[in-house]
Amino acid sequence: MEHGPSGGSTAMRRRSGVRGGTRMEWLEHDILCIIFSFLDVFDLVRCTAVCKSWNAVIRKSELLQVLYFKLRRDSGESTSSGQRKSMEFGLQEVAMKYHRLCLQRGRIDIHRWKAHSVGVDQCRMKMGLLLTGVGDKVMRLWSLDSYKCEEEYYIPDTASLVDFDFDESKIVGLLGSRVGIWTRNGKRSIFPSREGTFSKGLCVRYIDPDAVIGCEDGTARVFDMYSRTCSRIIKCALMHAGPVTCLALSDDELILSGSSLGSVSISDLASDQRVARLRSTDSAGIRTLCFNPCSHLVFAGTTVGYTYCWDLRTMKSLWETRISSNVLYSLSHLRSDNSTLAVGGIDGVLRVLNQNTGEVLSRCLIDDERPISSTRNMHAFIEKKKGIRLPEDAEVDRIPRTCRPPITCLSVGMKKVVTAHNSKYIRMWKFNM
């Protein structure tokens, strides 16, 4: 579940009439309980993270328990089974079920705003924030609640930004054959590997303190963000020939690297040892990867429209399905979600798949027949359109391209998917029941 810095907690502070940074202890317990009682379960969970006093009020008043058991009753489930589980797990389970239903069947509202002056094709969403870039000389960090550009990170004139990743304190960028690091206050540092610049990099993923670069020469180079050196070189080409086109990192220090020649290599970040090779049934290049730490499943999309799934515990293939005749550029899922996978590619259709079977649950497009509505807040001009779902027998190639601009990258949040299209605009798809 997301806990964005400008999400429900900010709204809650406004409702209470208290400015951010002021201690909350002086507010009367009964007044807070009345205010909290107007919130739904998702905003209420977010409010537990605002401060210790709010957390204590919500826990002691048992508001979460009341909402949780009400949700279970409304969905026809027995509350007795829920009592045997921890409430936190139960709430997460309810939230993921609601997220899945929204992506599969909910109405679709699409908000579009101009994020850059030229076309950009990458986006990453974390902690309620969205980082966009690749195409011009700046990366921008956006609030998804207000569409405000919170920070900008400029690229040196001599460098070309290829890919990026970020966490709560750092932005890590792949600048051709160098690594750049920006602190969240905008300060930048660029440094080469110990041996000098490395072979052209194609992708980067970052889990503090390591940034892993997938290179054209078939290696994955690991950079330590604190010593600012290349700590090790993993020769993925020994497992699969060809450039490393995409990466995913697991919490237990495994590197998953996809090859342009159609295989996925598993390497140990700590020991540099190659662990396994995941094979596809065709030789099409692996274009995108993601890993689900909750279920230990690995997902891949290829240049000819196949999606694959392997279980990392057994290294066995679970399913494969061809969902498009064209390249799949990006796939992603909410971290705690074991059920749905969002996939986008050159045909411009946003697909929602079942993680466990590969079944296509929904195909989403922009409704180009309805007029555009628009609104301007103090930060951005927002164009609003509706989304539609394609019937199973619909032929994608017969649908106008205006309804399905190519999806070059996507990122999944709670009841939302953000997409980049190699244009000036970013789209946020909001799914609600």
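This is a predicted model: local features need pLDDT of at least 70, side-chain atom pairs count only at pLDDT 80 or more; totals for chains, interfaces and linings use all residues.
Figure 1. At 38% relative accessibility, Asp 208 is partly exposed, a label for anything between buried (under 20% relative accessible area) and exposed (over 50%), worked out with a 1.4 Å probe on protein chains only. Lys 170, at 12%, is buried. The two make a salt bridge, with their closest N and O atoms 3.9 Å apart; the term calls for a side-chain nitrogen of Lys or Arg within 4 Å of a carboxyl oxygen of Asp or Glu. Lys 170 sits in strand 7 (residues 170-175) and Asp 208 in the loop between strand 10 (201-207) and strand 11 (210-215), so this pair ties together parts that lie 38 residues apart in sequence. Strands here are DSSP runs (E, at least two residues), numbered from the N terminus.

Figure 2. Residues are numbered from 1 along each chain as its sequence is written, and side-chain values use heavy atoms, leaving out hydrogens and water. The mean pLDDT (the predictor's confidence in each residue, from 0 to 100) is 84, and 84% of the residues reach 70 or more. Over residues 1-26, though, pLDDT is below 50, and that stretch has 50 contacts in the model beyond near neighbours in sequence. A contact means heavy atoms within 4.5 Å.

**Figure 3. More charged pairs.** Side chains of opposite charge can pair when their charged atoms come close. The structure holds 17 salt bridges. One of them joins Asp 367 and Arg 370 at 3.3 Å, N to O; Asp 367 is buried at 10%, and Arg 370 is partly exposed at 47%. Glu 395 and Arg 398 also pair up, at 3.0 Å, and here Arg 398 is exposed at 69%. Arg 107, Asp 109 and Lys 386 are linked up in a salt-bridge network.

Figure 4. Arg 427 is found in strand 30 (residues 425-432). Leaving aside residues up to four places away in sequence, Arg 427 touches several others, among them Ile 110, His 111, Arg 112, Val 417 and His 421.

Conventions: Helices (H or I, at least four residues) and strands (E, at least two) are DSSP runs, numbered from the N terminus.
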